[in-house]
Amino acid sequence: SEEGDITLVIGDDASLRVEDGSVSAETEYTVDKKTKVLTIHVRDEGILEQAEASEGDASEGEIRDLLGSVEGTYDYNIEGSTLTLTEREYGSQMVFEKE
């Protein structure tokens, strides 16, 4: 993101990795290209599985906080190498530059 604190790695298989420099976690997303809506889904089971698999590197709370910071439904816009996510309910934005 422009603030440099969150990185999104969007996979072709509806998987999404979120990183903040100290914690990395995976979750799922759906995208509707027709309406340009991206929804990031977070499952409690996935959080628990990742916390256990990290063997102490990341706590359940750290993973939950990281994924919670991006969970939601967004209108998206792509211009050149810039992805802008606009939260549908409150209008807050996150801007990401492609690396």
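Two strands pair if DSSP finds at least two bridges between them. Helices (H or I, at least four residues) and strands (E, at least two) are themselves DSSP runs, numbered from the N terminus.

Good morning. The structure shown above is a predicted model, in which local features need pLDDT of at least 70 and side-chain atom pairs count only at pLDDT 80 or more, while totals for chains, interfaces and linings use all residues. Residues are numbered from 1 along each chain as its sequence is written, and side-chain values use heavy atoms, with hydrogens and water left out.

I begin with the strands. Strand β5 (residues 72–79) pairs with strand β4 (residues 37–41) in the antiparallel sense, over four bridges. Within this pairing, Thr39 has Thr73 in β5 as its bridge partner. Strand β5 also pairs with strand β6 (residues 82–87), again in the antiparallel sense, over six bridges. Here Ile78 stands opposite Leu83 in β6. How many residues lie between β5 and β6 in their hairpin? There are two, and Gly80 in the turn has a positive phi of about 60 degrees.

I turn now to the salt bridges. A salt bridge is a side-chain nitrogen of Lys or Arg within 4 Å of a carboxyl oxygen of Asp or Glu. The whole structure contains five of them. In one, Asp75 joins Arg88, with the closest N and O atoms 3.0 Å apart. Asp75 lies in strand β5 and Arg88 in the loop between β6 and β7 (93–97), so this pair ties together parts that are 13 residues apart in sequence.

Another salt bridge is formed by Asp44 and Arg64, at 2.8 Å from N to O. This pair links distant parts of the chain, since Asp44 is in helix α1 (residues 44–53) and Arg64 is in helix α2, 20 residues apart. Salt bridges that share partners join Asp44, Glu60 and Arg64 into one network. Arg17 and Glu19 also form a salt bridge, their closest N and O atoms being 2.6 Å apart.

How accessible are these residues? Buried means under 20% relative accessible area, exposed over 50%, and partly exposed in between (1.4 Å probe, protein chains only). Asp44 counts as partly exposed at 46%, and Arg64 is partly exposed at 31%.

Is Asp65 buried or exposed? Asp65, which is placed in helix α2 (residues 60–68), is exposed, with a relative accessible area of 58%.
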